[in-house]
Amino acid sequence: MQIYLPIAEVSVNAFLLLGLGGLVGILSGMFGVGGGFLMTPLLFFIGIPPAVAVATEANQIVASSFSGVLAHFKRKTVDLRMGTVLLIGGLIGAALGVVVFNYLKALGQVDLLVKLCYVVFLGVIGGLMFMESLNAIRNTKKGKAPVRKKHNWIHGLPFKMRFRVSGLYISVIPPLVVGVAVGILAAIMGVGGGFIMVPAMIYLLGMPTKVVVGTSLFQIIFVTAFTTMLHATTNYTVDIVLAVLLLVGGVIGAQIGTRIGVKMKAEQLRILLAMMVLAVCGKLAFDLLVQPSELYSLGVAGGH
Amino acid sequence: MRALLLALSLLISSPAGAEEIVLGLSSDQVSINTNFDGSEILIFGAVKREEPAPDEPSMQVIVTVAGPSEPVTVRRKEKRFGIWVNVDSVEVDRAPSFYAISTSTLLGLSLSETEDQRHNVSIQRAIRSVGAPMNITNSETFTQALIRIKSASDQYQLNEGTVSVDEQTLFRTAIELPAALTEGEYETRIFLTRGGRVVSKYETSIYVRKVGLERWLFTLSRENAFLYGLMSLAIAIAAGWGASAVFSVFRR
């Protein structure tokens, strides 16, 4: 069934969009990532104009994250206090990120920078997570208890705060810094930032994996809602028909994904996320290295 | 004022009613609704004459349909430091969002180069590219790339031999509009040519408009962007909450 999208001004198959939404929704629920880093390239691929894809994707992430976070609230796996600290950092970072983005746009080559950003971050994060999870799985097989919560310099910082749900008593500075850093990257790369946030929470803040997913989703809702409003009012690129089709599939997928996620071991969850991140990274790197079949591309004059 | 004078002078200088086009359209309005999946418009007509048609040279018909024009940036990639990056770009001042040419025989046979220049019929002529930046010497390849990319998605079409002409009087053709269609006024021109020269010309417009829900959403997103954004968020939150509620009912 073909459906015409009023803002994107293209006609696409409705079931294809429902399916894409569902698939990304499952991943979103399982790993606590918004799925933007997967969905946005997929939307480009089926012919949605990039500007519309990025803006609409933000709106869809709000829906799937909201659906996912409710499931996590029932399970009491959302650290609201940590989420709020990260969110404050995230909003500051996003504002800074927009400034950086506009500066780079003025210099040209912003597309390339975004892609390089993806390749580097996805590659490093995916690689580290993969190694770590593999070791963790080996250790549990050998019967060793996982070693966690080592005391390091992070615990020496001032302004300590108790995060009961995460079982942490640490300074608010590291989560704020993580929030700002992720906010900057999210604004530049045009995604929610879950795929950076989740590993940062696990490895830098030492939060338990089960709490990380819900807390990340909680934070993503606000960041993407902010982005949606920004795109809708300045660029007029949010396509509500496209968003509805994606989010119907997405919210259902997120519910299924959350249930799958609960049944799996933390290490397995991490290694799967790592593999997915590495796959996307590989695809992007491949596109940069291999000669494209069409060397020319069209763009709206004045934009990028 | 200048445009009006120009139009008047054109009217006077045109060959006074030797051969005149009488046109019919299957519809002069294309409505884009939610399940719009491309459309076909039928363009047909007849040639009105005072005296019998000359046998030689034979009459040919060219039909063009052009969508609203806009400036387009064409970028070129090159390998730098091992990766493919955009190295240079040319801004095409005006390129129609859609352009279709249907002819009764090969375009080169029905229209001479000078007449093409005068009336901007061929795809190359329909695109207007004035100044390429100084550092670009081969701006021609950029417009060629534009045509190649647009042709691949049926946005630009050259349909030679698709206009059927009967008895040197009646002609008809069908133009396929793709699903990805932009709103606006589609300028439609019909040329009668003999021996490569345009002997008569007719212009009309086909209006492509969004209707119903499509129209409403599009207008809202432009005129009331804040409300539209809030509505998008509300739908997103409601859908997320709804799915969660439905699933928790299932679990019990």
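Predicted model: local features only at pLDDT ≥ 70, side-chain atom pairs only at ≥ 80, totals over all residues.
Over how many bridges do β11(B) and strand β12 of chain B pair?

Residues are numbered from 1 along each chain as its sequence is written, and chains are lettered from A and ligands numbered from 1 in the order in which they are written.

**Stop 1: chain A**

Select chain A and switch to a cartoon: you will find 10 helices and 5 strands. Helices (H or I, at least four residues) and strands (E, at least two) are DSSP runs, numbered from the N terminus. Of the 304 residues here, 50% are buried; that term asks for 20 or more other C-beta atoms within 10 Å of a residue's own, against 12 or fewer for exposed and anything in between for partly exposed, with C-beta atoms placed from the backbone.

**Stop 2: the core**

Now pick L5(A) and L242(A), the residues with the most contacts inside the largest nonpolar core, which has 136 residues. Such a core is a set of buried Ala, Val, Leu, Ile, Met, Phe, Trp, Tyr and Cys residues joined through C-beta atoms within 7 Å. Helix α3 (residues 50-74) of chain A gives the most to this core, with 12 residues. Stay on L242(A): leaving aside neighbours within four places in sequence, its contacts are L5(A), A8(A), L17(A), I48(A) and T56(A). A contact means that two C-beta atoms, placed from the backbone, lie within 7 Å.

**Stop 3: helix α9(A) and the side facing chain B**

Show both chains. Here 47 residues of chain A are in contact with 46 residues of chain B. The largest share of the chain A side, 9 residues, comes from α9(A). That side divides into 32 nonpolar, 12 polar and 3 charged residues; Ala, Val, Leu, Ile, Met, Phe, Trp, Tyr, Cys and Pro count as nonpolar, Asp, Glu, Lys and Arg as charged, and the others, Gly among them, as polar.

Select α9(A) by itself. Of its 24 residues, 18 are buried. Look along the axis for a kink of about 25 degrees, centred on L247(A); the bend is the angle between axes fitted to the seven residues ending at a position and the seven starting there.

**Stop 4: the strands of chain B**

Move to residues 184-194 and 197-210 of chain B. The opening question is settled here: β11(B) and β12(B) pair in the antiparallel sense over 11 bridges, where pairing requires that DSSP finds at least two bridges between the strands. F191(B) stands opposite K201(B). In the hairpin, with 2 residues between the strands, G195(B) takes a positive phi near 55 degrees.

**Stop 5: strand β7(B)**

Select residues 99-103 of chain B: 5 of the 5 are buried, so this strand is largely enclosed by the rest of the structure. Y99(B), I101(B) and T103(B) point one way, and A100(B) and S102(B) the other. In a regular strand the side chains alternate between the two faces of the sheet. Finally, β7(B) runs parallel to β8(B), joined by 4 bridges, and Y99(B) is partnered there by Y156(B).
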